[in-house]
2 protein chains.
Amino acid sequence: MAVVQPVVGVVGAGVVDARTPVITADDLGFSRGDGCFDSLRVLIGDDGVARTEGLEAHLARLATSADALGIESPPTYAWSELIEAMLASLHTPGEGTLKLILTRGREWLPQAGPTALVVLTYRGRPNDEAVARARRGVRVTALSSGRPSDAFLDAPWLLGGVKTLSYAINVAAQREARARGADDVLFISTDGYALDGPTSGFLAVLDEALLTTPTEGTGILASTTVQRILAAARADGMPAREELIPVSELSRARGAWLVSSSRGPAPITELDGRQLALDPALTQRIARYAGFA
Amino acid sequence: MAVVQPVVGVVGAGVVDARTPVITADDLGFSRGDGCFDSLRVLIGDDGVARTEGLEAHLARLATSADALGIESPPTYAWSELIEAMLASLHTPGEGTLKLILTRGREWLPQAGPTALVVLTYRGRPNDEAVARARRGVRVTALSSGRPSDAFLDAPWLLGGVKTLSYAINVAAQREARARGADDVLFISTDGYALDGPTSGFLAVLDEALLTTPTEGTGILASTTVQRILAAARADGMPAREELIPVSELSRARGAWLVSSSRGPAPITELDGRQLALDPALTQRIARYAGFA
């Protein structure tokens with residue numbers, strides 16, 4: 001996957017050189033992971049024009065995260081203007097990722113307000129090796145989240161559903177997966193339910209219904225891609241709903257997937273070394289629901 | 001509490017202007033909270049010479065955190081040289097805090113290696129209002145950590161005991177405390193044990209023994225100040241040990257304290273509005289054990 005130099009933009013300062021430091025040592029997003037982010041897919045068509053996918057929904061989710069943290073996000077037009085200026089620099093057909101980052105701002109200069117920046121990464125042609133590999137499937141290891149499936153009910157300070165910059169456990173879990181010879185992680189609650197992956201949502205087809213983990217109480221992030229898939233499945237006449245799935249039930253599932261906005265659904269081929277059922281036609285259908293051809 | 005402009009130092013670059021950005025947008029410490037830190041107290045004597053407290057122990061704890069994250073910390077001499085250069089800028093008798101920050105480095109330039117920096121903040125005279133206020137006590141609210149007290153056993157990916165930059169939940173918990181009219185937080189496990197505070201260790205005297213939460217399995221940070229207090233208590237003939245304390249037992253404790261390296265022990269005067277026993281002489285004794293006169 002060819003990654004060219006990303007483009008960095010700062011709300012209030014515009015597009016800056018990506019190699020230049022933009023964050024001070026006292027930025028609370030840096031020193032305490034006290035901030036939030038959101039990521040979305042960018043498609044550059046054969047006409048050389050870059051378009052975002054679901055920018056409104058992602059800006060809304062960022063606003064929800066910011067609210068939960070008590071951080072005032074810049075107005076939508078400030079984000080949009082900056083993003084527009086950044087997208088204008090992309091012309092090569094392909095796809096990329098737009099990451100919006102918002103922090104509480106500077107500890108020693110609080111009057112400067114929140115820090116808001118955007119990182120645009122170009123990743124190459126849409127049907128490149130990464131997406132193709134995802135479609136072939138991932139070997140997954142199940143790791144405990146250390147919390148019961150209802151831990152986040154009435155506990156807003158645990159920041160359930162908030163896409164914070166505090167991602168160290170997610171990174172550590174992926175490192176553990178690699179150490180175990182797996183590709184990715186499925187988090188499991190202490191009471192035995194499948195939750196989600198460190199950077200992906202979770203889907204399974206059980207008894208002919210498309211199921212995903214409920215966000216309420218579990219603390220998982222609301223995946224815009226999962227929501228899109230569920231809506232498209234329902235429109236297509238397929239039963240689809242939020243429901244807690246015991247990890248012990250996955251052996252009889254027709255399929256299970258980790259889902260991300262950048263690569264779509266990746267079927268779980270193995271869970272802790274045990275093979276799960278694969279249905280390439282079903283994977284293709286879910287990929288289509290997610291907007292991947 | 002007068003806070004003057006802090007001093008910022010970067011390993012490999014030396015002392016820099018604190019107002020200048022030093023972190024790039026792709027630093028994994030910023031974008032994912034993927035890094036660790038440690039803080040220690042600095043005392044500037046009447047001779048105008050600044051001395052660190054327990055630098056070796058804190059560098060050792062930072063190294064343990066870095067190991068857990070799989071980040072290679074710069075050699076001790078690189079930290080020490082930088083810290084020495086920074087301390088040389090402080091001459092006014094008083095105290096300060098030294099914060100060492102280590103991140104996995106840059107996502108787009110991994111060959112640049114980890115980012116390592118030091119922030120030195122001067123806080124004024126040691127017996128200033130903040131410490132005096134801490135000695136008078138804090139009103140605390142008990143908040144669930146969402147995890148049982150043994151959640152971290154055999155789950156290294158949950159980063160128990162690792163002082164990571166992913167601190168958003170700790171910040172959110174302190175915000176919740178303020179919203180409830182309290183000064184600070186005591187985290188409680190789902191099985192009802194007192195754990196620690198968002199930025200402090202926890203101590204209680206129960207049945208004439210000084211008790212603190214075990215680090216094993218609970219995921220709490222090993223507080224160097226708590227360890228110092230326990231060692232001094234034992235040397236003084238007072239029974240002191242790690243033992244899980246049910247929060248329901250605190251009503252019959254002789255005293256309970258939140259402990260930090262910057263202010264020493266702060267007696268908990270109220271827990272969720274219920275008064276706890278106060279023993280100023282005992283608080284004074286524990287403060288002495290912690291190195292506060």
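Helices (H or I, at least four residues) and strands (E, at least two) are DSSP runs, numbered from the N terminus. With that convention in hand, select B:Gln284, which sits in helix H7 of chain B. Before going further, note that this is a predicted model, in which local features need pLDDT of at least 70 and side-chain atom pairs count only at pLDDT 80 or more, while totals for chains, interfaces and linings use all residues. Residues are numbered from 1 along each chain as its sequence is written, and chains are lettered from A and ligands numbered from 1 in the order in which they are written.

**Stop 1: B:Gln284**

A residue is called buried if 20 or more other C-beta atoms, placed from the backbone, lie within 10 Å of its own, exposed if 12 or fewer, and partly exposed in between. B:Gln284, with 14 other C-beta atoms within 10 Å, is therefore partly exposed.

**Stop 2: B:Pro267**

Move to B:Pro267 in strand E15 (residues 264-271) of chain B. B:Pro267 counts as buried because it has 24 C-beta neighbours inside 10 Å. Two residues are in contact if their C-beta atoms, placed from the backbone, lie within 7 Å; leaving out residues up to four places away in sequence, B:Pro267 touches B:Gly137, B:Gly255, B:Trp257, B:Leu278 and B:Thr283. For a distance to check in the viewer, take B:Asp191, which is 76 residues from B:Pro267 in sequence and 24 Å from it in space, C-alpha to C-alpha.

**Stop 3**

Select B:Leu203 next, together with A:Leu203. A nonpolar core is a set of buried Ala, Val, Leu, Ile, Met, Phe, Trp, Tyr and Cys residues joined through C-beta atoms within 7 Å, and among the 176 residues in the largest such core, A:Leu203 and B:Leu203 touch the most other members. Neighbours within four places in sequence aside, the contacts of B:Leu203 include B:Val226, B:Ile229, B:Trp257 and B:Ile286.

Now show helix H6 (residues 224-235) of chain B, in which B:Val226 and B:Ile229 are among the buried residues, as are B:Thr224, B:Thr225, B:Leu230 and B:Ala233. The elements that cover the buried residues of H6(B) include helix H2 (55-69), strand E10 (201-206), strand E14 (255-260) and helix H7 (280-289) of chain B. The expected span of a helix is 1.5 Å times one less than its number of residues; for the 12 residues of H6(B) this gives 16 Å, which agrees with the 16 Å between its end C-alpha atoms. After H6(B) comes B:Gly237, whose phi is positive, near 90°.

**Stop 4**

Most residues other than glycine have a negative phi, and most peptide bonds are trans. A:Asp154 counts as exposed, with 8 C-beta neighbours inside 10 Å.

A:Glu208, in the loop between strand E10 (201-206) and strand E11 (209-212) of chain A, has a positive phi near 65°. A:Glu208 also counts as exposed, with 8 C-beta neighbours inside 10 Å.

**Stop 5: the domains of chain A**

Colour chain A by domain, using bounds that come from an automatic or database domain assignment: domain 1 (7-126) and domain 2 (131-289). The C-alpha centres of these two domains of chain A lie 26 Å apart. Contacts join 19 residues of domain 1 of chain A to 12 residues of domain 2 of chain A. On the domain 1 side, strand E3 (35-44), helix H2 (55-69) and strand E5 (94-103) of chain A each supply at least two residues, and the largest share, seven residues, comes from E3(A).

**Stop 6: where the chains meet**

Finally, show both chains: 44 residues of chain A are in contact with 44 residues of chain B. Which element gives the most to the side of chain A that touches chain B? H5(A) does, with seven residues. Counting Ala, Val, Leu, Ile, Met, Phe, Trp, Tyr, Cys and Pro as nonpolar, Asp, Glu, Lys and Arg as charged, and the others, Gly among them, as polar, this side of chain A has 28 nonpolar, 10 polar and six charged residues.

Superposing the copies by least squares on the C-alpha atoms of residues with pLDDT of at least 70 in both, a rotation of 180° with 0.0 Å of shift along its axis brings chain A onto chain B (RMSD 0.0 Å). The two copies are thus related as by a two-fold rotation axis. The same surface serves both copies, since 100% of the contact residues of chain A recur in chain B.
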